[in-house]
Structures are given as structure tokens and as C-alpha cells.
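Subject: Structure handover

Hello,

Here is the structure for your files. My notes on it follow below.

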Amino acid sequence: MVIKNRFFYIFTAALLVISLCFAACAIKNESTHSRPRLSNPNSNDLTCKIYSYLCSLSGSGVLTAQQESTWMDSPDYEMNYIYNASGKYPAMRGLDYMNDDFDGVNRRAAEWFGKGGLVTICWHTGSDFNGEWKDAMNDEVTDWDALFTEGTPENKKLLDGMDKGAKALSELQKNGVTVIWRPFHEFDGGWFWWGKGGADNFVKLWRLMYERYTEYWHLNNLIWVLGYSHNGKDYTKWYPGDEYCDIIGADSYDGGAQPKSIKRKNRYAFMNAGRIPPNRNCVKRRGYGL
């Protein structure tokens, strides 16, 4: 994958007790010290500062992060486990708008952000933007052309569904919360509906949401994260363009330092990982921002 303007590497563990976010950012012209720029030129000042902070960690910092497990006794289960084991909470909390839990996610996100933490939100949902993980897996779009044709019933339904998430993110914007936004993850894996239509349709879908959220809803509190799967194939054709994303990466649930996925030529990051590799293994891999 060739990225014109920037590389951002981020690694978060979604399933285990502790997750690490190896944040590294390299600007195309490394000889300059200009402030890293988000894809949305209207991004608010706080969001720009957070992005600059993340980029500043390149090669020198590590953040802890953890995806919450709402199916446990409490959505704070993972966070409390980490605190009880270490005496500290993660720097970043991962949340999911799954099952239209907009109010709950927003409440927890605002609380976490208000205490000085970072928040990242994804969205497991069906093709009608209802439901959960199993709907994201089982649904299929039968007519992608109709979906993207303005004025069709399919297009209206799509926009109405997207707008549910936009309304929730708009509330967070009003409350001064910056969101590291990671929709349509693992798109190139072929198991979620948003990737089953192939690369061209995914790119159209991603760009449609980006433009809808930034130009129609004026959401200027988002850092857009493009999350590949661990398949390691055909990165370029799935890429929507520098002007449509801020962070790129990939999910992998293999163990160790993931040598098959770290490639010096095609750099990207791990976003979800099943097991955390030891530091000594990571140091050997040039793709990690350590």
C-alpha cells in the first residue's frame, strides 16, 4: 500500500485483558516539523491536538487501550480488571454502537473522555444499520448500484441508517468529545456485509459515509480509522484515499509479534489483536512504533 501523506500505526488488543496502542506517525516530508494534518480541514482544535499528540508518540511512547465487553456483568468489566491488576486504567477505551446502544456508548464515552481518557468507537451492525455482530456477518447487499444511486429507496434507507450514527456522534461533538472513529473494519476479510461487495463498492461506501458525516453533518470531532483485516492481500485497491482517512491499520488475532503482517514496504498497524507479544519481539519488528 502506498500512502501519499502519512503513516499512522496503532495496535490495540480487543479481546484480552490488556491492550497496547503503539502509536507511530511518519509524515511524507520528514524533514519538516509541521503539525500533522487530519483529512478533514475543518477538524476542531481539540481533535487536531489529539491527533498531533498521537503522532508525537512515534518511536517514543506506548499507550494502553482496551475494548469494553458489554456482554459481561458490566461494560466496565475489562477496565476494572485492568485496574485491579495494575492500579491504573487504560488510556483509551474502545466502544461499539452495536444494537443501537447510542445512549449508553455516548454516556460511557463522555465519562471516559471527561476523566482524561481517549475513546475509539466502532459499529457492528447489519446492512440496514440495525442489529449486531451476527447481522454484520450474515447480511448481504443484493444491489450495490441501487444503494449508491441517489433517490432510490435503497439509497434513502442507507443514508437514514448512517444518520443514526451521525446523530450520536454529533451529540459527542456538542459535548466536546473527540472520537477515534473506526467504521466498517476488517472490510477486506469478506465476512462482514460491507466487504462482501468487493473493493470498489467498499470504497464507494466509505467515501459516502465520510462525505455524509463531514459535509452534511459537519462532524469535525472525528479521527477516521481505516481498519484492514489480517489477510495481507490487495491493500491498495481497498484504499479510499488520503483525503478520506487519518489512521490506517489491520486486525490480527495471531500470537506473537505478527511478522507476517508487519511489512516494511507496506506499513500498517494492528488495531485488534488477540494476544500481546513481548516487548523483545516487538523491538525486532521495524513496523512497530516503539
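Overall picture

Of the chain's 290 residues, 55% are buried, where buried means under 20% relative accessible area, exposed over 50% and partly exposed in between (1.4 Å probe, protein chains only). This is a predicted model, in which local features need pLDDT of at least 70 and side-chain atom pairs count only at pLDDT 80 or more, while totals for chains, interfaces and linings use all residues. Residues are numbered from 1 along each chain as its sequence is written, and side-chain values use heavy atoms, with hydrogens and water left out.

The chain has nine helices and 10 strands; these are DSSP runs numbered from the N terminus (helices H or I, at least four residues; strands E, at least two).

Asp96

Asp96 sits in strand β5 (residues 92–96). Asp96 is buried but has no salt bridge, and the nearest side chain of opposite charge, Arg182, is 7.4 Å away. A salt bridge here is a side-chain nitrogen of Lys or Arg within 4 Å of a carboxyl oxygen of Asp or Glu; Lys and Arg count as positive, Asp and Glu as negative, and His and the chain ends are not counted.

The Asp96 side chain does make a polar contact with the side chain of His124, at 2.5 Å. A polar contact is a pair of N or O atoms within 3.5 Å; within protein, one must be able to donate a hydrogen and the other to accept it, and residues adjacent in sequence count only if both atoms are side-chain atoms. A polar atom of the Asp96 side chain also lies 2.9 Å from the backbone nitrogen of Met98.

Tyr77

Tyr77 belongs to helix α2 (residues 77–86). Tyr77 counts as partly exposed because its relative accessibility is 35%.

Regards
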